[in-house]
Amino acid sequence: MNPIVFAIPVFLLSILAEWAIAKRQGLAIYSLPDAIGSLSMGLLSQVVGLFAKVASLAAYVALYDHASITHWPLDNVFLWLVALLLYDFLYYWNHRMGHEVSLLWGAHSIHHSSEYYNLSTALRQSSTGVFLSWLFYIPMAILGVPPEMLVVVGLIDLLYQFGVHTELIGRLGWLDRVFVTPSNHRVHHGQNDYCIDKNYGGMLVIWDRLFGTFAPERFDEKVIYGLRKPLHSLNPLWANTSHYCDMGQHMRQATGWSAKLKIIWSSPRVLSTNSSVQFNPTHFVRYAPQTPKHIIIYASAQYALLVPAFLHFLIIFDRMNAHQAAFYGLWLGLSLQAITGLLQQKKWAPWSEAIRWVAALGALVAGLQVSFGA
Ligand SMILES: [Zn+2]
Ligand SMILES: [Zn+2]
């Protein structure tokens with residue numbers, strides 16, 4: 001079964017625990033609409049990932065079967081550690097290119113779009129990154145790392161990173177200079193001048209120290225989280241596409257094909273005038289949609305109902321035919337649009353909410369008819 005099914009309850013309980021501790025300590029590190037936005041983006045990335053990972057994993061398996069120089073045995077613990085180290089090294093470059101190449105930033109920027117930093121931010125993941133990120137791990141296929149090993153070490157790297165998205169853990173001394181820790185990853189999420197394009201590591205921050213991208217957290221300047229060009233939205237579809245829309249606009253305005261194509265490979269900073277302006281942390285105002293309390297309560301309840309549906313989708317994914325999987329996946333996507341749209345008081349959101357409920361009830365009735373042979 002998909003290991004994410006087991007990870008999700010752990011993620012949600014950890015988020016609740018972090019929220020409760022922060023509340024007791026009087027720290028305003030959570031906003032419910034922002035957290036629901038983050039969780040919605042994470043959920044959408046898993047739904048899209050289920051469809052896309054089949055293709056990227058198939059490509060990896062094909063390379064491993066036909067182009068690898070050897071095949072690593074699965075029963076050697078040392079080789080598992082080497083594979084984890086190799087994955088983390090390649091992750092550094094995947095992540096770094098995700099910040100330095102506009103096409104890849106289009107996928108990764110979503111992870112940086114929250115102006116809060118907490119465990120829910122960790123789940124703010126891309127739905128489009130899966131299409132290109134596998135290319136960075138081709139060396140592992142060529143070196144003969146079996147697909148099972150790649151999947152497991154990739155999962156370890158990902159789960160490790162969940163825990164560093166917190167403001168509740170301070171600095172950890174020498175650990176901050178060896179491993180990726182809450183302190184150095186806070187810097188990575190900062191939009192202060194000293195934070196930009198720093199600390200790309202996944203588990204080890206020594207890669208940043210080796211390649212000149214390390215910056216320790218400063219005592220004298222509070223880290224301000226988020227994007228220089230703020231997203232100002234909770235909508236998972238917009239969060240996944242806004243940078244591509246910017247790229248399209250710049251490409252239309254550029255003259256000549258070479259100038260248009262250059263935008264794809266250039267630094268995302270070229271597209272944003274805000275990135276060259278000196279950042280003043282004291283003038284920053286956080287995005288805060290003015291959502292009435294009753295809508296927040298309704299949207300939270302709907303999201304809480306959606307989580308079991310999502311787990312059900314993950315569990316039965318392999319048993320569904322293509323049409324059923326597509327319908328269920330689209331329904332989950334529509335539900336996320338509706339819930340985040342309600343939180344932002346979009347005019348279309350009540351219509352989306354009504355349509356998704358009609359679709360859910362229709363599917364339930366159709367399912368019951370099939371079950372009882374009516
Ligand atoms: Zn990043
Ligand atoms: Zn992060």
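A cavity is a set of grid points where a 1.4 Å probe fits but cannot get out, and its lining residues have an atom within 4 Å of a point. In this predicted model, the count comes to one cavity of 30 Å³ or more. The largest cavity has a volume of about 100 Å³. Its lining comprises 14 residues. Asp 34, Ser 113, Glu 115, Ser 233 and Tyr 287 lie nearest the centre of this cavity. By class, the lining divides into six nonpolar, five polar and three charged residues.

The metal site was examined next. Five histidines supply the protein donors of the zinc ion (ligand 1). They are His 95, His 99, His 108, His 112 and His 188, each through NE2. The donors lie 2.0 to 2.2 Å from the zinc ion (ligand 1). Along the chain, their spacing reads H-x3-H-x8-H-x3-H-x75-H. A separation of 5.8 Å lies between the zinc ion (ligand 1) and the zinc ion (ligand 2). Within the donor set of the zinc ion (ligand 1), His 95 and His 108 link distant parts of the chain. His 95 belongs to helix 3 (residues 77-100), and His 108 to helix 4 (residues 102-108). The two residues are 13 residues apart. His 95 has 4% relative accessibility and therefore counts as buried. His 108, at 17% relative accessibility, also counts as buried, because the cut-off for that class is under 20%.

Helix 11 spans residues 236-253 and contains His 250. Asn 240 is placed in helix 11 as well. Asn 240 has a relative accessible area of 3%, so it is buried.

His 250 counts as partly exposed, because its relative accessibility is 26%. That class lies between the buried limit of under 20% and the exposed limit of over 50%. With residues up to four places away in sequence not counted, His 250 touches Ile 263 and Leu 271. Val 130 is 120 residues from His 250 along the chain. The C-alpha atoms of His 250 and Val 130 are separated by 24 Å.

Technical notes:
Residues numbered from 1 in each chain as written. Chains lettered and ligands numbered in written order. Predicted model: local features only at pLDDT ≥ 70, side-chain atom pairs only at ≥ 80, totals over all residues. Heavy atoms only, no water. 1 Å grid on protein atoms, 1.4 Å probe; cavity = no way out; pocket = protein on both sides within 12 Å on 5 of 7 lines; lining within 4 Å. Points joined across faces, edges and corners; volume = space filled by probe spheres on them. Nonpolar A, V, L, I, M, F, W, Y, C, P; charged D, E, K, R; others polar. Helix = DSSP H or I, 4+ residues; strand = E, 2+ residues; numbered from the N terminus. Buried < 20%, exposed > 50% of the residue type's maximum accessible area, 1.4 Å probe, protein only. Contact = heavy atoms within 4.5 Å. Donors = N, O, S within 2.8 Å, 3.2 Å for Na, K, Ca; no water.
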